[in-house]
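Visitor: Could you take a close look at the aromatic rings and explain how they pair with one another?

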Amino acid sequence: MFSLQPGITPLPIVIAYFIIASIIAIFIVKKGKNKMKLMDFVVAGIGGVIVAFADHVIGDAIFLPSPIYPFVNPPVWFRILVFIIVIGVVRKVGAGMLAMGVFDITGDLIHFSFTGEPLWLIEDVLTYGIMADVVIYLTQGRIFGIGEKKLQALLAIFEGGILGIVFSFVHPFFTYGFIAPIVFGFVPDQARIFFLLISYIPGDIVIGAISALAANRVAKVVRSGI
């Protein structure tokens, strides 16, 4: 009743998540006070392309044997690093979803050939993208302590770590646990889903915090140059 196949993420949970994520996306885009302008769209779009290059070219070129991988995951870490810097530079609701939409399409152009679309596009936009945009909305554009007078580093570490935690759920439960089995026709192993989750969380928290600190510095440099 609750599974398409043994081990797959339950369909009702997946449907409920994406319906709720879509509602939240519409709400925060409409309610966000600081709307994106033309330059913001350009920066987020170019940022999405750089995220795809960092993930699918640089990250994929680094081979790490098991059991180092997936505890150390270069493609995912490069994706988190560049993506967090991009949203730190823009800091407006919608930047996360746009950047991840461009990331997905560019990734297909690089080597995925649009197989499984639009499922991957929906996943990237309404997981990584909406998660980042929710933090931008909740911080009212002062994400990673940018613009705050005190505790900038602590805020950056905290918010980057939170994003690292929520990002850790995406690949195990949505990519490997649901969409990939539909696209490629295999039955996922439920034990591997939880192994991937447990192995991703520590590294994603650390790289999320480091990326947020980097985003804080990069945003200051960009802002001082405007």
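Guide: Phe27 is partly exposed, with a relative accessible area of 43% (buried means under 20%, exposed over 50% and partly exposed in between, with a 1.4 Å probe and protein chains only). The model is predicted, so local features need pLDDT of at least 70 and side-chain atom pairs pLDDT 80 or more, while totals for chains, interfaces and linings use all residues. Residues are numbered from 1 along each chain as its sequence is written, and side-chain values use heavy atoms, without hydrogens or water.

Rings of Phe, Tyr and Trp (its six-membered ring) pair if their centres lie within 6.5 Å; planes under 30 degrees apart are stacked, over 60 edge-to-face and the rest tilted. By this rule there are 11 aromatic pairs. In one of them, the ring centres of Phe27 and Tyr137 are 6.1 Å apart and the planes stand at 70 degrees, so the pair is edge-to-face. Phe27 belongs to helix H1 and Tyr137 to helix H6, so the pair ties together parts 110 residues apart in sequence. Helices are DSSP runs (H or I, at least four residues), numbered from the N terminus. Tyr137 is also partly exposed, at a relative accessible area of 26%.

The rings of Phe71 and Phe195 have centres 5.9 Å apart and planes at 85 degrees, so this pair too is edge-to-face. Phe71 lies in helix H3 (residues 68–71) and Phe195 in helix H9, so that distant parts of the chain, 124 residues apart, are linked. Phe71 is partly exposed at 40% relative accessibility, and Phe195 is partly exposed at 37%. Finally, Tyr17, Phe18 and Phe174 form one aromatic cluster.

Definitions and conventions. Helix = DSSP H or I, 4+ residues; strand = E, 2+ residues; numbered from the N terminus.
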